[in-house]
Amino acid sequence: MARWGTRAKWLARWISFCWPLLIVLHPQAISAQIRYSIAEELKAGSAVGNVAKDLGLDVGRLLERNLRVVSGTKRERFEVNQRDGLLSIHERLDREELCGQSVPCNIHLKVVVENPLEMHQILIEVLDVNDNSPRFLEDNCTLEMLESAVPGSKFQVEGAQDPDVGSNSVQTYRLNPNSFFHLQTEELGDDGKVPFLVLQRPLDRETTARHHLTLTAVDGGKPPKTGTLNITVIISDINDNAPVCERQKYSITVKENAPAGTYLLTVKSSDPDEGPNGEVEYSLRNKPRGQHGVPFEVDKRTGELKVKGHLDFEEGQAYEIKVVAADKGAVSLSTQCNVAVRVEDVNDNRPKIEITSLSSRIAEDAPLGTAVALVGVQDADSGLNGQVVCGLPDGLPFALKASPDGQSYALVTNERLDKEREDGYDITITAKDLGTPPMLSTKVVHVDVLDVNDNRPSFAESPYAFYVLENNKAGEPLFSVSAADADREENARVAYTLERKSHSVTSFLNINEVTGVISALKSFDFETVKSFHFQVVATDGGSPPLSSNVTVRVFILDQNDNAPVILHPVSSNGSAEGVEEIPRNLKAGDLVTKVRAYDADIGYNGWLLFSFGQVTDHSLFTLDRYTGQIRTLRSLTEKDEAEHRLLVVVKDNGNVSLSATATVMVKLVEPKEAFAASDIQSLAKADPEEDSVTFYLMITLGSVSLLFVISIIVLIAMQCSKSTEYTSKYLQEANYDGTLCHSIQYRSGEKRYMLVGPRMSIGSTIVPGSQANTLVLPDRRQTSGEKGPEERQEVGSGTDGALHLCRYGDERGASDSIVAAPGGNRSMGRRRCR
């Protein structure tokens, strides 16, 4: 509560200073003015009204918008509930203390809400309650009257004081019944109704020396309240002249810095009586209850009025002094001399700066003219001494906009702010008055610049390309992406997510939203997926968040993870075995049978080589290591055994070679038996079940071949046109072995290329100068009339199992060549030919 009280006082002073500025600079912020009327003396906590409903504010946002009331005084007499907007009394109200005799008694409050800033006026009229009884200055009063007083003489009696106003103040006086006096009241301006005792008949001191009267003052309350004065009338002899003031009213001006003892003026009065009845003494009449004494004194003999204490223009600007002049007669007569003292201001107060920070933190993208704080300035002095001018140091992106009265300012931005250039500012506000000599004050306002999410995350690369070996372990990190954000703190915190528009790709990927590390939830299979791409989205932590995306291309690299599969002879019960019956009249070089196989891998991993594992007679059969054809080395004789067992081993060319075996049982028969066996085999092949098995094998082989052919066709269609010059020479052999190995030539512009698959019959293509697996093709397009360096092509294999297709040009340098990955995959990039 203490903290709230301090804050409320501070806001109150600010509102009192900044109210004119709000009217000028923010006319739309003052949208309503409401009035309430309450009676004084209500208990603390009593409700005044619901300002939220009366002003049309959203009750649900009162706490968020920081609803508050300020009165501009040091004491907070009202408070508002920020949850329901109910305005209530903070402490008991005493109208007499607040307003004295002023009518009406109004209290001005300001209701302030933020986001957006609004300010409303509330006028609370405090209604008078008859809570004070009329009261005389003294309970007993003594009047001395000369017995020579004539009937009809009036004797003024000091009236009663009632702090209440209106009908609750003193309305009438009553005098107890007696035979000598009756009561008469008169209106005397500021003094209100003044009672007079009117003598009805001559006095006789010898008969009655004292008269005891009771004067009752009655106010107009319901029920009315009264106050009494006991009046004792003493009848004495003949001091029948009261002192008379030389002037009805004196006026004097004195500077507020006048020291104690400063002479002001002399009050003079005269009394025509003689002796003690004509000697006058002066005194100051005491103030009514509740008022402070005046800082003046009067010499009782001379009537000189002097300064008694310290004067302060800011506390009192004018004083009405009543000097009583009384004679020294046995029955003293007196009169009042009125003195008006006006205090003249001196420049003895420094300007006061009150800062109400609407936002000590301002966003860097705030538009020009954004209000940062409201500045209220006040100088207790008057005139030029109270006129204040405010200013700011040079070089700051802020300015002060003054209100027309010069007592309020708005601290606004006049340049663009940049959080990355400056985090905050210490703004020194200087207030200087126009007095002589001038006095000044300073106030420092600290403003922090808030970061705004105005930068998108930026990836280190775009697009990303990664190469991943197949058969990776599921869940292990594969690669990572990285993005940076130029903003700060939360606005620079980047989170990574996958764009999951294509569920077939991203469904098996996972990304660490903090580090950007991407892992796969399953192993890749090159034979199933060779490459894919997806989008990674980097989103910062701003509000609203900003994001950017990048394309990640992933190329799967083949591994030798598939063993050769024997197509012929047909596998049964896990082993490939076949029986071939051949006539004994075969000559050397005749075809016995052919072992057919394929490998699901591509490139060198799928390049198959055939060899004998076991053979009964090495002099009788030979095996082509590339085609799998088994031929006779010599003519068969009668001495040769009738049955031969051949174990054929099929290996691929992977770094770690995988293999499969097939067993061929060769039976030598007479030609007629061979013919009959051939017929029987033909009939057996017509068996529907065997046809079905063959059909499925053909589908499998065709699917694999079709996939490879499509890849080659796409490559050819995108980058080159097919060469017709060499097509006829390098066609596949008529007895192509069916091991899914092939070669293709094509031309692109002035360059000629040859793609060599895992295996091709190169007998007709190798020319002098060929080495290992490199084919050298002479440039036949060069006419006899052309001269220049020899142009040739090489198609070779590298240590990584890729095919390197290089074209050598003229002396200007080697041209770039396409480096094809195994199986025609061009994702390995480009390589210079050496």
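Two strands pair if DSSP finds at least two bridges between them, where strands (E, at least two residues) and helices (H or I, at least four) are DSSP runs numbered from the N terminus. Select β11 and β12 (residues 193-199) to see a case: seven bridges join these strands, which run antiparallel. Within this pairing, Thr185 stands opposite Pro195 in β12.

The model is a predicted one, in which local features need pLDDT of at least 70 and side-chain atom pairs count only at pLDDT 80 or more, while totals for chains, interfaces and linings use all residues. Residues are numbered from 1 along each chain as its sequence is written, and side-chain values use heavy atoms, with hydrogens and water left out.

**The three-stranded sheet**

The open sheet has the order β9-β12-β11, with antiparallel pairing. Its edge strands, β9 (154-156) and β11 (181-187), each pair on one side only. On average, neighbouring strands of this sheet are turned by 35° against each other, direction ignored (axes are lines fitted to C-alpha atoms, for helices over the stretch in contact, and angles run from 0 to 180 degrees between N-to-C directions).

**The whole chain**

Zoom out. The protein chain has six helices and 57 strands. Of its 834 residues, 44% are buried (under 20% relative accessible area; exposed is over 50%, partly exposed in between, with a 1.4 Å probe and protein chains only). Among contacts (heavy atoms within 4.5 Å) with a separation of 6 or more, 65% are between residues 24 or more positions apart.

**The largest core**

Select Phe459, Val481, Tyr496, Phe532, Phe534, Val536 and Val552. These have the most contacts inside the largest nonpolar core, which has 30 residues. Such a core is a set of buried Ala, Val, Leu, Ile, Met, Phe, Trp, Tyr and Cys residues joined through side-chain atoms within 4.5 Å. Elements giving two or more residues to this core include β36 (494-499), β39 (531-540), β40 (547-557) and α6 (688-719).

Centre on Val536. Leaving aside neighbours within four places in sequence, its contacts include Phe459, Val481, Tyr496, Ile511, Ile518 and Val552. Val536 also stands opposite Val550 in β40. β39 and β40 form a hairpin with six residues between them, and their antiparallel pairing runs over nine bridges. Then show β36, which pairs with β39 in the antiparallel sense over six bridges; here the bridge partner of Thr497 is Val537 in β39.

Where else is there a core? A second, separate one of 25 residues includes Ile38, Ile89, Cys105 and Val111.

**Aromatic pairs**

Rings of Phe, Tyr and Trp (its six-membered ring) pair if their centres lie within 6.5 Å; planes under 30 degrees apart count as stacked, over 60 as edge-to-face and the rest as tilted. The count comes to twelve aromatic pairs.

Select Phe296 and Tyr319, an edge-to-face pair at 5.4 Å centre to centre with 80° between the planes. Phe296 lies in β20 (residues 296-298) and Tyr319 in β22 (residues 318-327), so the pair ties together parts 23 residues apart in sequence. Phe296 is buried at 3% relative accessibility, and Tyr319 is buried at 17%.

Move to Phe398 and Tyr425: the ring centres are 5.4 Å apart and the planes are at 80°, so this pair is edge-to-face. Phe398 lies in β28 (residues 398-402) and Tyr425 in β30 (residues 424-433), so parts 27 residues apart in sequence are tied together. Both Phe398 and Tyr425 are buried.

As a last stop, select Phe459, Tyr464, Phe466 and Phe479, which form one aromatic cluster.
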